[in-house]
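Hi,

Here is the structure I said I would pass on. Have a look at it first, and my notes follow below.

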Amino acid sequence: MAERKGNTTSTSNTSVGSSRTTAQKTAIHNQLRQTQDFISAQELHKQLQEQGIRIGLATVYRQLNALAASGHADTLRMGGEQLFRDCAERSPEHHHHLVCEQCGKTVDIEPPEEQWFTQVVQHHGFKVRTHVIEIFGICQECAQ
């Protein structure tokens with residue numbers, strides 16, 4: 001099953017992770033912002049190289065993980081691969097996703113009613129720290 005980390009705290013600051021802003025960090029964050037769906041570090045790295053931006057794959061991974069850790073991006077695992085998405089500008093509040101397993105199309109969705117969460121948690125005796133809802137399937141375009 002998929003695992004998701006991070007959240008979607010809104011920010012206009014391009015400097016995330018450490019306080020030092022670099023051209024590489026800015027390029028990575030800007031490219032992620034332009035991506036509509038979840039993307040792998042390898043694919044983002046490829047896009048940057050196609051634009052003539054010289055940057056190491058390890059740097060891309062490090063910066064993407066820093067974005068997720070600081071709440072500026074969501075990350076999930078799908079098919080054994082870690083994917084990233086900058087959701088802050090699309091939906092600054094906590095949100096959930098429908099994700100196409102074929103093309104990666106991602107749609108922000110509303111969660112179930114709070115009452116449902118409360119009932120499930122109480123029934124199983126849990127104390128919730130956080131929650132994530134990701135629904136994976138095949139989008140209408142890929143299903144045709």
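This is a predicted model: local features need pLDDT of at least 70, side-chain atom pairs count only at pLDDT 80 or more; totals for chains, interfaces and linings use all residues.

A definition to start with: a residue is buried under 20% relative accessible area, exposed over 50% and partly exposed in between, using a 1.4 Å probe and protein chains only. On that basis, 38% of the chain's 144 residues are buried.

Residues are numbered from 1 along each chain as its sequence is written, and side-chain values use heavy atoms, with hydrogens and water left out.

The overall picture

The chain has five helices and seven strands; these are DSSP runs numbered from the N terminus, with helices being H or I of at least four residues and strands E of at least two. Reading from the N terminus, the order is β-α-β-α-α-β-β-β-β-α-β-α. Taking contact as heavy atoms within 4.5 Å, 57% of the contacts between residues at least 6 apart in sequence join residues at least 24 apart. The accessible surface is about 8,900 Å², and carbon and sulfur atoms account for 48% of that (Shrake-Rupley method, 1.4 Å probe; for residues, only the protein chains shown count as cover).

The helix packing

For the geometry, axes are lines fitted to C-alpha atoms, for helices over the stretch in contact, and angles run from 0 to 180 degrees between N-to-C directions. Angles under 35 degrees count as roughly parallel, over 145 as roughly antiparallel, 65 to 115 as roughly perpendicular, and the rest as oblique.

α1 (residues 23–34) packs on α3 (residues 57–69) at about 65°, with the axes 10 Å apart, so the two are roughly perpendicular. On the α1 side the contact has Gln-24, Lys-25, Ile-28, His-29 and Leu-32, and these meet Thr-59, Val-60, Gln-63, Leu-64 and Leu-67 of α3. By class that gives five nonpolar, four polar and one charged residues (nonpolar is Ala, Val, Leu, Ile, Met, Phe, Trp, Tyr, Cys and Pro; charged is Asp, Glu, Lys and Arg; polar is the others, Gly among them).

α1 and α2 cross at roughly 110°, their axes coming within 10 Å, and they are therefore also roughly perpendicular to each other. Here Ala-27, Ile-28, Gln-31 and Leu-32 of α1 meet Leu-44, Gln-47 and Leu-48 of α2, which divide into five nonpolar, two polar and no charged.

α2 and α3 pack at about 120° with axes 9 Å apart, which makes the pair oblique. Ala-41, Gln-42, Leu-44, His-45 and Leu-48 come from α2, and Leu-57, Val-60, Tyr-61 and Leu-64 from α3. The classes are seven nonpolar, two polar and no charged.

Ala-41 sits in α2 (residues 41–50) and is buried, at 0% relative accessible area. Leaving out residues up to four places away in sequence, Ala-41 touches Leu-57, Val-60, Tyr-61, Leu-64, Gln-82 and Phe-84.

Glu-81 is in strand β4 (residues 81–85) and is partly exposed at 34%. Its C-alpha atom lies 9.3 Å from that of Ala-41, 40 residues apart along the chain. With the sequence neighbours up to four places away excluded, Glu-81 touches Ser-40, Gln-42 and Leu-76.

Cheers
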